[in-house]
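Hi everyone, thanks for coming. Let me put the structure up on the screen so that we can walk through it together.

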Amino acid sequence: MRKALAAILMLSLLAVSVVNADGELVVKSEASKVITAYKSLITEGVPDKAVSLRLLDANDLEFYTGETVMLPINARSTEYEAFSWVLGGNIYGELTLSFSFGPMYLEDDDSSPWMIPYKVVLKHTSSRIGNTAIPTGKESGAATSILNRFTGYYFKYADSVTGSGASTEVESASKTISVVYNMSTYTKVTDVSNATVSYTGGVCDHWNRYGTAEITMDITADGKNSSGVPFSDGVYYASVVASVTAP
């Protein structure tokens, strides 16, 4: 046995959303990475725990520091996929993907009384082991198991996902929305003789979890709120911070 450091990757995304003169919603992104670590006991040859997060725009292009993503006018008063994520890693237990959405203020001034309310829905779309989709919310019905070569155990993978699909209103205060994943809840692990075992290794085969963030802005095509009052002309923005945490 040996002690190892397993790195958890946290990605912060600053997204600035504005309505310009052409009625388009603009998202500017600025990303930074923070690495934290914790100790875990693992068997020689077993990889360290690891997780990564990629954020993509509506055209499946990854966000990079300083780039601007244009969202069309149909983000107003209708649900629009603002961005998506690919969460990758090998952690077998629970981990949480969180997004903190700030109010959408006028003209880079958070003291302004003018804010565009908006609704956010985070939707998990699929979980995969390699290129193979696995079920969520129930045990796998697959006829065969996957041999995990660094443990010698056989896995029938299935994912647990909670928090997906919940709608959150953002107006005058930041709101944090989380999706909680746990591969160990529904996955069945067996030995070479097909006997079920209690697996506590903490890592498994590499997985990817996919999802989308859909935003509905409470502003009409002609720039009014739901009561028919026009919003003040100018640039509006909101901050979004994404993080991944594991126990």
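This is a predicted model: local features need pLDDT of at least 70, side-chain atom pairs count only at pLDDT 80 or more; totals for chains, interfaces and linings use all residues.

Residues are numbered from 1 along each chain as its sequence is written, and side-chain values use heavy atoms, with hydrogens and water left out.

So, the overview. The chain has 18 strands and zero helices; both are DSSP runs numbered from the N terminus, with strands being E of at least two residues and helices H or I of at least four. Of the 247 residues, 43% are buried. Buried here is under 20% relative accessible area, exposed is over 50%, and partly exposed is in between, with a 1.4 Å probe and protein chains only. The exposed surface comes to about 12,200 Å², and carbon and sulfur atoms supply 50% of it; these areas come from the Shrake-Rupley method with a 1.4 Å probe, and for residues only the protein chains shown count as cover. Taking contacts (heavy atoms within 4.5 Å) with a separation of 6 or more, 78% are between residues 24 or more positions apart.

Now the core. The largest nonpolar core has 47 residues, where such a core is a set of buried Ala, Val, Leu, Ile, Met, Phe, Trp, Tyr and Cys residues joined through side-chain atoms within 4.5 Å. Among those with the most contacts inside it are Trp 85, Phe 101, Tyr 118 and Trp 207. Strands that each supply at least two residues of this core include β5 (80–91), β8 (118–129) and β16 (203–217). If you click on Tyr 118, you'll find contacts beyond its sequence neighbours that include Phe 101, Val 170, Ile 215 and Ala 238.

Please keep an eye on β16. Because 13 of its 15 residues are buried, β16 is largely enclosed by the rest of the structure. Which way does β16 run against β8? The two are antiparallel, joined by eleven bridges, and Lys 119 stands opposite Thr 216 in β16. Strand β5 is also antiparallel to β16, with ten bridges, and there Val 86 faces Tyr 210. Pairing here needs at least two DSSP bridges between the strands.

On to charges. There are five salt bridges, each being a side-chain nitrogen of Lys or Arg within 4 Å of a carboxyl oxygen of Asp or Glu. Glu 79, Lys 123 and Glu 214 form a linked network of them. Lys 123 meets Glu 214 at 3.0 Å, N to O. Since Lys 123 lies in β8 and Glu 214 in β16, this pair ties together parts 91 residues apart in sequence. Lys 123 is partly exposed at 30%, whereas Glu 214 is buried at 13%.

Another salt bridge joins Arg 209 and Asp 159, at 2.8 Å. Arg 209 lies in β16 and Asp 159 in the loop between β11 (154–156) and β12, so parts 50 residues apart in sequence are tied together. Both residues are buried.

Last stop: Ser 160, in strand β12 (160–162). Is Ser 160 buried or exposed? At 13% relative accessibility, Ser 160 counts as buried, and its contacts beyond sequence neighbours include Val 180 and Tyr 186.

Definitions and conventions: Lists of a residue's contacts leave out its neighbours within four places in sequence.
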